[in-house]
2 protein chains.
Amino acid sequence: MSAFIVIVEDEEDILELIEYNLEKEGFDTMGFTSTKNVAQLLEEESVDLLIMDRNLPGVEGSEFVAQMRGIGVDTPVIYLSAKNKESDIEEGFDRGGDDYMTKPFNMKELVLRIKAILKRTKKDKTEGKVIYRDITLDLGSRELSIEGNNIELTKLEFDLLHTLISNQNIVLDRDYLLEHVWGGDAIYQDRTVNVAINRLKEKIDPDKSKEYIKTVRGVGYTLC
Amino acid sequence: MSAFIVIVEDEEDILELIEYNLEKEGFDTMGFTSTKNVAQLLEEESVDLLIMDRNLPGVEGSEFVAQMRGIGVDTPVIYLSAKNKESDIEEGFDRGGDDYMTKPFNMKELVLRIKAILKRTKKDKTEGKVIYRDITLDLGSRELSIEGNNIELTKLEFDLLHTLISNQNIVLDRDYLLEHVWGGDAIYQDRTVNVAINRLKEKIDPDKSKEYIKTVRGVGYTLC
DNA sequence: AGTCTCTGTAACCGTTCTGTTACATAGGCT
DNA sequence: AGCCTATGTAACAGAACGGTTACAGAGACT
């Protein structure tokens, strides 16, 4: 789950410090020392989060964000500010910002807040059940039942089966599975998928009579 | 008979004055200067009374209450208003409010009205009980009984169990629990959930024979 | 102020999971 | 059949995860 984060901060060393720490956490970052060029970026690229200094020379950070909101950019924002007066905090929130931190701030806290915001904005928790032949996958309780019998799955196995069932009749290649089940950023060997699939096969069909998961040689796997 | 009263009033000194006086009377209070966060609170917590300024900047207090009624929140309300025009009073009542006071008001009178309303609503407060297996959670008295035996829970433990029971058969991840039990804005480590869950487990099932709370590795916890 | 309870944090440890590797097997092609 | 490549299988080790405990700070109560 790599996110693209844009940081606007005029003090270069702080900017670098933030970028360094966020990249260490696996985020993609782009830093600016002024709002110049940032507007265009926000409009054209899919930016997941904006970290914005309130006290930029020239433009007020919150003013800038307000303008962005005006043209339909709804990227969530974390404001940074040297001040911590109550009035400032309220103003920041009123203008549609999502979070607020005062300098000097704890880098750990910043990362936590970032993760919280990303999670919140990306939440489209679809709950319900997915069914395929005699397999039922309960997305709420994360339970698998086959012919009425419950089978324990690990998180990885569950997610993998979920992806397969959601795309039944479509052959999914290893890259697709790696990206969707494992998460885009990490790098794995391709045998990883292989082994995981076979562990899953073993669990849902120990005596290999059902052939739920079909191997498509040279391509990937499918449920059909 | 301690009641939980939420106050929404944008003038900070008045807010503080009210809180001070109500707490002196033994009420639990929570004050807000805007309706932000209040909706969530009303939905999720058992709020006994809402004191609501009619003249908030932005949202109309009575409009806000109407929305709350729309989603099933039936917390009684006392409106505060600087105006005392007849039309306003009527409108206030029409929208389902329970009482109405005009500023400036007498604090003694406010307390009396509060007590009157609480008395009235307490009676028909068939506060629900939540039941799961042999666990009964009395939301009114905030008591837990298991197989008929009362067990003391702290506030945190109670809220946590309440959330779990209300979502039984659904695996709740740590972020969800942090947001709903601890409250959205604060930042905690997720091991916090871990420890809290285990303290709760210890209390409700000391000899680990019942397995009420199930750990779903890599995801969260569930009652199933 | 002092005590007690509650609760967040950190550290440690055992368990489970999972990525990797090496090897075996199967499928497809000439 | 023989070869080559892709996939299945088994074993292992490191990583991730959660349980547990200890501790300290916050808050309530005396």
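Before we go on, a word on the model: it is predicted, so local features need pLDDT of at least 70 and side-chain atom pairs count only at pLDDT 80 or more, while totals for chains, interfaces and linings use all residues. Residues are numbered from 1 along each chain as its sequence is written, chains are lettered from A and ligands numbered from 1 in the order in which they are written, and side-chain values use heavy atoms, with hydrogens and water left out.

Let us stay with the DNA. Helix 8 (191-204) and strand 11 (213-216) of chain A, along with helix 8 (191-204) of chain B, each supply at least two residues of the surface near DNA strand D. Helices (H or I, at least four residues) and strands (E, at least two) are DSSP runs, numbered from the N terminus. By class, this surface has twelve charged, eight polar and five nonpolar residues. Here Asp, Glu, Lys and Arg count as charged, Ala, Val, Leu, Ile, Met, Phe, Trp, Tyr, Cys and Pro as nonpolar, and the others, Gly among them, as polar.

Now look at single side chains. In A:Arg217, a side-chain N or O atom is 2.8 Å from a base oxygen of DNA strand D. B:Lys201 instead has a side-chain N or O atom 3.2 Å from a phosphate oxygen.

Next, see where the two protein chains meet. The contact (heavy atoms within 4.5 Å) takes 15 residues from chain A and 16 residues from chain B. Between them, the chains bury about 1,300 Å², 50% of it on carbon and sulfur atoms; this is the accessible area (1.4 Å probe) that two parts lose on being put together, summed over both. The one salt bridge across the interface joins A:Glu152 to B:Lys214, with the closest N and O atoms 3.8 Å apart. The rule asks for a side-chain nitrogen of Lys or Arg within 4 Å of a carboxyl oxygen of Asp or Glu. On the side of chain A that touches chain B, helix 4 (86-94) and helix 5 (107-121) are the elements that give two or more residues, and helix 5 has the largest share, four residues. That side divides into eleven charged, two polar and two nonpolar residues.

Key:
Polar contact = N/O pair within 3.5 Å; in protein donor to acceptor, adjacent residues only side chain to side chain.
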